[in-house]
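Q: I would like to learn how to read helices, ligand shells and loops in a model. Please take them one at a time.

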Amino acid sequence: MNERDTEQVLSMFLAGGYDITQDEEKADVILINTCSVREKAELKALGKMGLLCARPTAKPWVVYGFMGCMSQSRSNSLFRDIARLDIVTGTHQYHNVYKLCNRLLRNRLAQNIQEPIRKGAHICAVGHEDGFQNEIKDHLPPAGNCTAFVSIMQGCDMRCSYCIVPSTRGEECSRPQADILREAKELVARGVKEITLLGQIVNRYGRDEPIVNGRGAFVRLLEALHEIDGLERIRFTSPHPIGFRQDLVNAYTYLPKLCSHIHFPMQSGSDRILKLMLRPYKNEKYLKLCEDMREARPDLAITTDIIVGFPGETHEDYLQTKAAVERIQFDNAFIFQYSPRKDTPAAAMAEQICLRVKEERNHDLLECVNRIAIAKNNALVGTLQTILVEGPSKNNPARLQGRTSQNKPVIIDGGSAQVGTIVPVRITECTGFTLYANVQQ
Ligand code: SAH
Ligand code: SF4
C-alpha cells in the first residue's frame, strides 16, 4: 500500500516537471514514506532522515519530508526529533504533498539560499479530508511496467489489539466501483497486464452494498474487472476471515484471471491468542477457508502473516501456530515478532514476552516455513508454468524475471521473451526461493 501511495506522489511530481532520482546528492526534494506497523520500521525511517538532514550538501535548499503512517501518529513531535525536517504529511494528505513541497522549494530557490538551514519549515498536514480516497488515481507513466497496484479502499474499522493501522489510516472507506474500473481500464490501455487490488480487508470492499445473486460487492468488482479485455491477471491483498463468504471461495472456480495465489494473514494458530488479539474468528474457520479455497482451485498457493510472542503467548499457544503451519503447508509466510505500538491495547497487556523467547519462536517457525517453501518449489521443477515477464532480473540484468500465477519469481534467459507478455516456461531448477526456467516455444 505504501508503494502505491508513493507512486501517486511521484506521479504528481513528474506531472509538475520534476525528475525522479535515487541519488540523494542530486535531489532537491527528499521524501520518506513511512510505516508504523512495527517499531523497527519507524526507527529505520527516523535514522535515515536524521542522517540525510545532517549530511553536508551542496544544495542547502533541499526540502525534507516524511509522509504516511508515522507522520500521522507522531505528527508535530517529529520536528522535535529532527529540527531540519520541513514537511510532515499524514495518510489522508498524499494528494497535497506535491503542492506543499513545490511551493516551499520555489520559495527557497527564489531566496537564493547559500547557508545550511538549521531549522526546517515545519509544515504539518495530518488532517482528515472527506473524499480523499477518491483522489487516489494517479499512476506513474508506463516505463514498461506491466503490473500495477490499485487501491480499492482506505482505512480499517477493526480493532486488532496489536495494530496501529486503524489510528494511522482512519475509518474504512471504499472507492466507487466505477472509479476503480476506470482506473483499471486506463492502466490496461497503457500496457498493464496484472492488477493487484489493495485494502486492509479487501473482501470487506463495499460491505454496505446489497448482495446481488449471492455475490457481495467485492466479488462483483472482481467479475467486472475480469471483463476488461487485455487485463490478464487479477490479484488482491489482504483478505481477512471476517466477511470471507462462499461467493469469494466460488470465484476461484469461474474467474480464470484470478491468480492462483492468496496472501491470507493467519496471525496465530491459537484461539486463545486470536481472542486476545481481538481477531473475531476461530483458527478452525481460518483453516477451513484455506481448505475450501484449495478445493475450488487445487493449485492455489497460500502465503500468510504470523505474529510470534504476542503478550501472554505460551509455548502451547506457539505450538498450535506451528501445527497450523504444518497443516496448511503455506507456500511462504512473513513471521513478525510482536512489537508494542503506541495506544494499542496489547501494548498495555501485563504478560509481555521477552525478546529472547520472541526470537526463539521466530527462528524456529522460520525454519519450519522455509522447509515447506523449499519443498513446494522443488516439486515445481520439471512442470510447465505460465509467467508474466516483468523485466530484467535484479541480480543479473542479462536475464529476465517473471512470476507464475502462484506469485513465485522465475528467472529465464533474456532475449527469448518480451517484457509484458505471458509465456509458457518449463521449470528446470530451483535454489531456495528462486525458480529457473526455459521458455517453451
Ligand atoms: N490488514 C491486514 C494486516 C495489515 S498489517 C490484516 O488484518 O490481515 C500487516 C501485518 O503486520 C499483519 O498481518 C501482522 O501480522 C503484522 N503486524 C501488525 N501489527 C503488528 C505488531 N504490533 N507487531 C508485530 N506485527 C504486527
Ligand atoms: Fe490492523 Fe486488524 Fe485492521 Fe488488519 S484488520 S489493519 S491487523 S486492525
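A: Start with helix packing: the buried residues of α7 are in contact with α1 (2–15), β5 (147–151), β8 (194–198) and α8 (217–226). Contact means heavy atoms within 4.5 Å. This is a predicted model, in which local features need pLDDT of at least 70, side-chain atom pairs count only at pLDDT 80 or more, and totals for chains, interfaces and linings use all residues. Residues are numbered from 1 along each chain as its sequence is written, chains are lettered from A and ligands numbered from 1 in the order in which they are written, and side-chain values use heavy atoms, with hydrogens and water left out.

Q: Which residues of α7 are buried?

A: Buried means under 20% relative accessible area, exposed over 50%, and partly exposed in between (1.4 Å probe, protein chains only). In α7 the buried residues are D179, I180, L181, E183, A184, L187 and V188. Helices (H or I, at least four residues) and strands (E, at least two) are DSSP runs, numbered from the N terminus.

Q: What span should helix α7 have, and what is the distance between its end C-alpha atoms?

A: The expected span is 1.5 Å times one less than the number of residues. For the 13 residues of α7 (residues 177–189) that gives 18 Å, and the end C-alpha atoms are 18 Å apart, which agrees. Just after α7, G191 takes a positive phi of about 105°.

Q: Where do the buried residues of α12 fall around its axis?

A: An α-helix has 3.6 residues a turn, so residues three or four places apart point the same way. In α12, the buried residues are D317, Y318, T321, A324, V325 and I328. Seen down the axis, they fall within an arc of 115°, so they line one face of α12. The arc is that of the directions from the helix axis to the C-beta atoms. The cover over these residues includes α10 (271–276), α11 (283–296), β11 and α13. Just after α12, Q329 takes a positive phi of about 55°.

Q: Which exposed residues sit on the face of α2 turned away from its buried side?

A: That face carries K40, K44, L51 and A54. The buried residues of α2 are E42, A45, L46, M49, L52 and C53. They cover an arc of only 130° around the axis, which puts them on the same side of α2. They pack against β1 (29–34), β2 (63–68), α3 (69–74) and α4 (77–81).

Q: How many residues surround ligand 1, and which are the closest?

A: A residue counts as near a molecule if one of its heavy atoms lies within 4 Å of it. Here 15 residues surround ligand 1, and the closest are Y162, Q200, Q267, D305 and S339. β11 (301–308) and β12 (332–337) each supply at least two residues of that shell.

Q: Which atoms of D305 and ligand 1 lie 2.7 Å apart?

A: A polar contact is a pair of N or O atoms within 3.5 Å; within protein, one must be able to donate a hydrogen and the other to accept it, and residues adjacent in sequence count only if both atoms are side-chain atoms. In D305 a polar side-chain atom lies 2.7 Å from an oxygen atom of ligand 1. A backbone N or O atom of Q200 is 2.8 Å from a nitrogen atom of the ligand.

Q: Is T344 buried or exposed?

A: T344 lies in the loop between β12 and α13 (355–380). At 8% relative accessibility, T344 counts as buried. Its side chain reaches the backbone oxygen of R341 at 2.6 Å.
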